[in-house]
Amino acid sequence: MGGAGAGPDWRDSLPYYYCVKFALSASSTLFSMIGLLIFCVGIYAEVERQKHRTLQGLFLAPAVILILLGLTIFAVSFIGMVGSLRDNRMLLKTFFWVLLAIFFTELLLLLVEITFEKQMNAMFHSSIQDGIRHYYDDLDFKNILDYVQQKFSCCGGDEFSDWHVNPYHSCNGSGPLACGVPYTCCIRKAPGEVINTLCGYRTLNQERLELVNTIYVRGCIHALSFWFKDNFEATLAIVCSLLLPQVFGLVMAWLHWQKLNEIHSQMDTVDFRQLDWSNFNFATLDLTGAGWCWCLPREGGYIPVCDKDDGNEVETAISHGQV
């Protein structure tokens, strides 16, 4: 009985209000800074990409993805930060519903990836082939693919033969790279050994079994898929690190929103839009306790609110700048 009665008292207390308010504002501020940092990195990368005139396209331009991601994180988090500091229910509602839409979109994409794995792999394969075709024109994609091939011991998208689509590596081409694969596809005999950049020479016209000791024959799509399945703990940690902060923001926004609704329902209110503010002297307002953000509440408020019967007296007082 005592525990059941303690809950409402705690939720009605001022510490509960401040805990919810500043937990939301602190987390929103943190993610606003993170979003701004990602946005700045994306801008820098895009400027460098434009200098080298690398390939256009969202998939093949990580800088553009960073810009959009950073801008989205910053905008949504900034709305939550301002809404929590100013106790603005409209901003809190906007933050809550936008974040909820993003959350369900991510869950939907995750479900689509799991349910339609073959179709999604085919889509990724097409995109990777497009990147391989312009491998030497897009430095961003080149660096990413080189890293993935070395890190996950793979070659190409679906398999090593995907390098046929690159004009420099095609068997119909000429030069030392013709009918071969990049050195990042090659199997290292020993860690730290000198890299032979032509180790993939004339490998595209050979069978898989002949190359198992020379290059990685498995495609990177399958290598990544197997890695996520074999490392379930790491996969779960990645998913949780993306979703749990959003769940925290949703819960805090909902609690703050409901608390403000409760506060407003218990307050006497007056429609100040009906009053004459033309001669109102804001300098006479006592904002002691409002804080630097003018957002901290004070018992009784900062502007006197009279009963409905005294409405005419309030209008007269405001018009003379005495409130």
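The questions and answers below concern a predicted model, in which local features need pLDDT of at least 70 and side-chain atom pairs count only at pLDDT 80 or more, while totals for chains, interfaces and linings use all residues. Residues are numbered from 1 along each chain as its sequence is written, and side-chain values use heavy atoms, with hydrogens and water left out.

Q: How many disulfides does the model come to?
A: A disulfide is a covalent bond between the sulfur atoms of two cysteines. Here the term is given to a pair of cysteine sulfur atoms within 2.5 Å. By this rule the count is four.

Q: How many residues apart in sequence are the parts that cysteine 154 and cysteine 220 tie together?
A: Cysteine 154 and cysteine 220 form a disulfide with their sulfur atoms 2.1 Å apart, and the link is right-handed, with 90° about the S-S bond. Cysteine 154 lies in the loop between α6 (139–151) and α7 (208–211), whereas cysteine 220 belongs to helix α8 (residues 220–230); helices here are DSSP runs (H or I, at least four residues), numbered from the N terminus. The pair therefore ties together parts whose separation in sequence, in residues, is 66.

Q: Is cysteine 154 buried or exposed?
A: Buried means under 20% relative accessible area, exposed means over 50%, and partly exposed lies in between (1.4 Å probe, protein chains only). Because its relative accessibility is 0%, cysteine 154 counts as buried.

Q: What is the torsion about the S-S bond of cysteine 186 and cysteine 199?
A: A disulfide joins cysteine 186 to cysteine 199, with an S to S distance of 1.8 Å. Cysteine 186 is buried at a relative accessible area of 6%, while cysteine 199 counts as partly exposed at 23%. The disulfide is right-handed because the torsion about its S-S bond is about 100°.

Q: What arc around the axis do the buried residues of α5 cover?
A: Helix α5 (residues 117–133) has 17 residues and reaches 24 Å from its first C-alpha to its last, close to the 24 Å expected at 1.5 Å a residue, where the expected span is 1.5 Å times one less than the number of residues. Its buried residues are Met120, Asn121, His125, Ile128, Gly131 and Ile132. They lie on the same side of α5 because the arc, taken from the directions from the helix axis to the C-beta atoms, is only 140°.

Q: In which helix is leucine 110, one of the residues of a nonpolar surface patch?
A: Phe104, Leu107, Leu110 and Ile114 make a nonpolar surface patch of about 370 Å². Leucine 110 counts as partly exposed because its relative accessibility is 37%. Its place is in the helix of residues 89–115, α4.

Q: What distance separates the C-alpha atoms of leucine 242 and glutamate 106?
A: Leucine 242 lies in helix α9 (residues 232–266) and is exposed because its relative accessible area is 53%. Leucine 242 and glutamate 106 are 136 residues apart along the chain, and the separation of their C-alpha atoms is 9.3 Å.

Terms used. Patches are made of residues with over 30% relative accessible area and no salt bridge: like charges are joined within 9 Å, nonpolar side chains (Val, Leu, Ile, Met, Phe, Trp, Tyr) within 5 Å. Accessible areas come from the Shrake-Rupley method with a 1.4 Å probe; for residues, only the protein chains shown count as cover. A salt bridge is a side-chain nitrogen of Lys or Arg within 4 Å of a carboxyl oxygen of Asp or Glu. Helices (H or I, at least four residues) and strands (E, at least two) are DSSP runs, numbered from the N terminus.
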